[in-house]
Amino acid sequence: MSNGSCVVIVGSQWGDEGKGKIVDVLAEEIDIVARYQGGANAGHTVHVGDDEFILHQIPSGILHPDRTCLLGNGVVFDPFQFFEELDEIRAKVPDAEQRVGVSGRAHLLLYYHKLLDRAAEASRGAGKIGTTGRGIGPAYEDKVARQGIRVADLRDAERAEQLLRRAAERINRKLESLDSAEKVDADLLVRDVMGVRERLLKLTVDTGRVIQDALNAGKRVLLEGAQGALLDVDHGTYPYVTSSNTTAGGAGLGVGIGPTMIDDVVGVVKAYTTRVGEGPLPTEFPSPLQEEIREKGGEFGATTGRPRRCGWFDAVVVRYAALVNGLTGLAVTKLDVLDGLEELKIATRYQAGGGTLDDFPGDLALLEDAKPEYESLPGWSEKTSEARRWEDLPEAAHRYLRRLEELTGVPIWYVSVGTRRDQIIHVKR
Ligand code: GDP
């Protein structure tokens, strides 16, 4: 397991790997948890005792006493959703607001981004990307086009109002060009944003500075990724990707520290594969295994409720995730979902374009054509959900997990066998 002071946790498939649970487990030993990219589309589900928390923006570390939780500059920040979430958490965790910080450099995601998101997706017709409609893409577009509004821009109220009114005009022109019947009401926009302005400014910090000071003081920091490696805007299955760098390289960038400060990168993977939305999934299960695993694994989006597509573990994908993230350890989740299967398959490489591919292709056409080559291993009939040590797992599970290590080249540090915090195995070597 990780001994580093600054650890990045990244999804190493197509998202929903159970990062929330792993971050929650690791937060026991961590002082600061920071998000570095994405927006309110993250949707981590964390179970503490009998309480279930669905966290969209605030890092799950908030559920642990005394932890500081930060939202870095790389995040697109939805203030309304954020405060709604914070108020819900405060009902159970009264000091939550004192332990949250938001980068002044983070871009605001406002409701007009959601209008644009839906209008743009509707205009794509058959070429849909499958976005969650939460405005993440348009907010990043504004950022890169240098017309976004940042948290720090709210300091001067008069200037903030000007920026908001200018944005409303611009967005209305754009909505019209997309044939959308919706319009931004500038007065309402200004009223709403001004309504949260002071509360937000009190939470504003320089996340890079806070993290650097903490590391210098010997504290431990965890940088929490959202989505997964294959949804990275550069390294994912473009264009079926999210709009930010989800991979470890985005971590330092998205909170304001340099790459040399990062010690470990833990890749979270399910013991199988899932993906939500459009785009290729080479190891997709046939029916009825598809429905069986979906039900057993509760594979429905935490934010959208959309059913996830499920498939066998794809070692080509995770090998690639290891490469682009520089993974130092793996956390394998949902092993318990595979209990009772007679046979388990692992994709080791693809047949595509008339040849054999060991590496995940950058060309989507090749991926669409890819036929996985499978290796077959025996399953186990025992229930793994009570296992707390490596030795408690059945022999066939050891074989399966060891094979995942060999095929991906990354040691397994954690195995998760259920939704609860205590259902975790720290793999010791
Ligand atoms: P995240 O965004 O990567 O955190 O993933 P989600 O929260 O969307 O999905 C993870 C879901 O799987 C949550 O409902 C978790 O409670 C659940 N989960 C996490 N680890 C395990 C596990 O080891 N076994 C089972 N059965 N469920 C798990």
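Trainee: What ground rules apply here?
Mentor: The model is predicted, so local features need pLDDT of at least 70 and side-chain atom pairs count only at pLDDT 80 or more, while totals for chains, interfaces and linings use all residues. Residues are numbered from 1 along each chain as its sequence is written, and side-chain values use heavy atoms, with hydrogens and water left out.

Trainee: What makes D16 partly exposed?
Mentor: Buried means under 20% relative accessible area and exposed over 50%, with partly exposed in between (1.4 Å probe, protein chains only). D16 comes out at 23%, so it counts as partly exposed. D16 sits in the loop between β1 (6–11) and α1, and has a positive phi of about 60° although it is not a glycine. Helices here are DSSP runs of H or I with at least four residues, and strands are E runs with at least two, numbered from the N terminus.

Trainee: And how do you know where K334 falls, buried or exposed or in between?
Mentor: K334 has 22% relative accessibility, so partly exposed is the label. K334 lies in the loop between β15 (329–333) and β16 (343–352), and its phi is also positive, about 60°, though K334 is not a glycine.

Trainee: Why is α1 called mostly covered?
Mentor: Because 8 of its 8 residues are buried. Among them are K19, K21 and D24.

Trainee: Why does K21 have no salt bridge?
Mentor: A salt bridge needs a side-chain nitrogen of Lys or Arg within 4 Å of a carboxyl oxygen of Asp or Glu. For K21, which is buried, the nearest side chain of opposite charge is D422, 6.9 Å away, so no salt bridge is counted. On charge, Lys and Arg count as positive and Asp and Glu as negative, with His and the chain ends not counted.

Trainee: What does the side chain of K21 have as a polar partner?
Mentor: The backbone oxygen of Q423 lies 2.9 Å from a polar atom of that side chain. A polar contact is a pair of N or O atoms within 3.5 Å; within protein, one must be able to donate a hydrogen and the other to accept it, and residues adjacent in sequence count only if both atoms are side-chain atoms. Leaving aside neighbours within four places in sequence, K21 is in contact (heavy atoms within 4.5 Å) with residues including S416, R420 and Q423.

Trainee: Why is the F77 and F82 pair called tilted?
Mentor: Rings of Phe, Tyr and Trp (its six-membered ring) pair if their centres lie within 6.5 Å; planes under 30 degrees apart are stacked, over 60 edge-to-face, and the rest tilted. F77 and F82 are 4.8 Å centre to centre with 55° between the planes, so the pair is tilted.

Trainee: What makes F285 and W312 edge-to-face?
Mentor: Their centres are 4.8 Å apart and their planes are at 85°, so edge-to-face it is. That pair links distant parts of the chain, 27 residues apart, and both F285 and W312 are buried.

Trainee: How do you know that the span of α5 is close to what is expected?
Mentor: The expected span is 1.5 Å times one less than the number of residues. Helix α5 (residues 157–177) has 21 residues and reaches 30 Å from its first C-alpha to its last, close to the expected 30 Å. Its buried residues pack against α3 (111–123), α4 (136–144) and α6 (186–201).
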